[in-house]
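Here is a short briefing to read alongside the model. Keep the viewer open and follow the side chains as they come up.

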Amino acid sequence: MSFRDDPFVLSKQVELLYRNVRLGQIMSVLNASFLLWIASIFGHTSGTAYWWVAALLAAVLRIQLARKYLLLDQPTRLRDAIRWRQRALI
């Protein structure tokens, strides 16, 4: 069995993905806000405002998904690591 096939290693990799989601999504919203501000300087607010709302919604949904994962107990995380990895990479 290689490290790639080891469920324990996979569960730890997935845990690392979800542990860092909140910070990554906060930075995504800050970047989107900065781009919206720059666009507003040039008068392009209508389309970019919709884009910003979509980016905010995606960030909130990803944070909620990470919260669901982090509330699971360790045996469940280990058992469902492949499914949670697929969810993280969508």
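Is Lys12 buried, partly exposed or exposed? Lys12 counts as partly exposed because its relative accessibility is 36%, where buried means under 20% relative accessible area, exposed over 50%, and partly exposed in between, with a 1.4 Å probe and protein chains only. Please bear in mind that this is a predicted model, in which local features need pLDDT of at least 70, side-chain atom pairs count only at pLDDT 80 or more, and totals for chains, interfaces and linings use all residues. Residues are numbered from 1 along each chain as its sequence is written, and side-chain values use heavy atoms, with hydrogens and water left out.

**Salt bridges**

- The structure holds 4 salt bridges, each defined as a side-chain nitrogen of Lys or Arg within 4 Å of a carboxyl oxygen of Asp or Glu.
- Lys12 is joined to Glu15 by one of these, at 3.6 Å from N to O.
- Both residues belong to helix H1 (residues 7–19) and are 3 residues apart, about one turn of the helix; helices here are DSSP runs (H or I, at least four residues), numbered from the N terminus.
- Glu15 counts as buried, because its relative accessibility is 15%.
- Asp80 meets Arg79 in a salt bridge with the closest N and O atoms 3.5 Å apart, and Asp80 also meets Arg83, at 3.3 Å from N to O.
- Salt bridges that share partners join Lys12, Glu15 and Arg77 into one network.

**Arg77 and its surroundings**

- Arg77 is found in helix H4 (residues 74–79) and counts as buried, because its relative accessibility is 9%.
- A polar atom of the Arg77 side chain lies 3.3 Å from the backbone oxygen of Leu72.
- Arg77 also lies over the face of Tyr69, 4.9 Å from the ring centre; a charge sits over a ring if NZ of Lys or CZ of Arg is within 6 Å of the ring centre and within 35 degrees of the ring normal.

**Aromatic rings**

- There are 4 aromatic pairs in the structure. Rings of Phe, Tyr and Trp (its six-membered ring) pair if their centres lie within 6.5 Å, with planes under 30 degrees apart counted as stacked, over 60 as edge-to-face and the rest as tilted.
- Phe34 and Trp37 form a tilted pair, 5.8 Å centre to centre with 40° between the planes.
- These two residues are separated by about one helical turn, because they are 3 residues apart in helix H2.
- Ring pairs link Tyr18, Tyr69 and Trp84 into a cluster.
- Over the ring of Trp84 sits the charged end of Arg87, 4.6 Å from the centre.

**Nonpolar surface patch**

- Phe34, Leu35, Trp37, Ile41, Phe42 and Trp51 form a nonpolar patch on the surface, with about 710 Å² of accessible area together.
- Patches are made of residues with over 30% relative accessible area and no salt bridge, with like charges joined within 9 Å and nonpolar side chains (Val, Leu, Ile, Met, Phe, Trp, Tyr) within 5 Å.
- Helix H2 (residues 21–41) gives the largest share of the patch, 4 residues, while Trp51 has its place in helix H3 (residues 46–70).
- Phe34 is partly exposed at 48% relative accessibility, and Trp51 is partly exposed at 42%.

Definitions and conventions:
Accessible areas come from the Shrake-Rupley method with a 1.4 Å probe; for residues, only the protein chains shown count as cover. A polar contact is a pair of N or O atoms within 3.5 Å; within protein, one must be able to donate a hydrogen and the other to accept it, and residues adjacent in sequence count only if both atoms are side-chain atoms.
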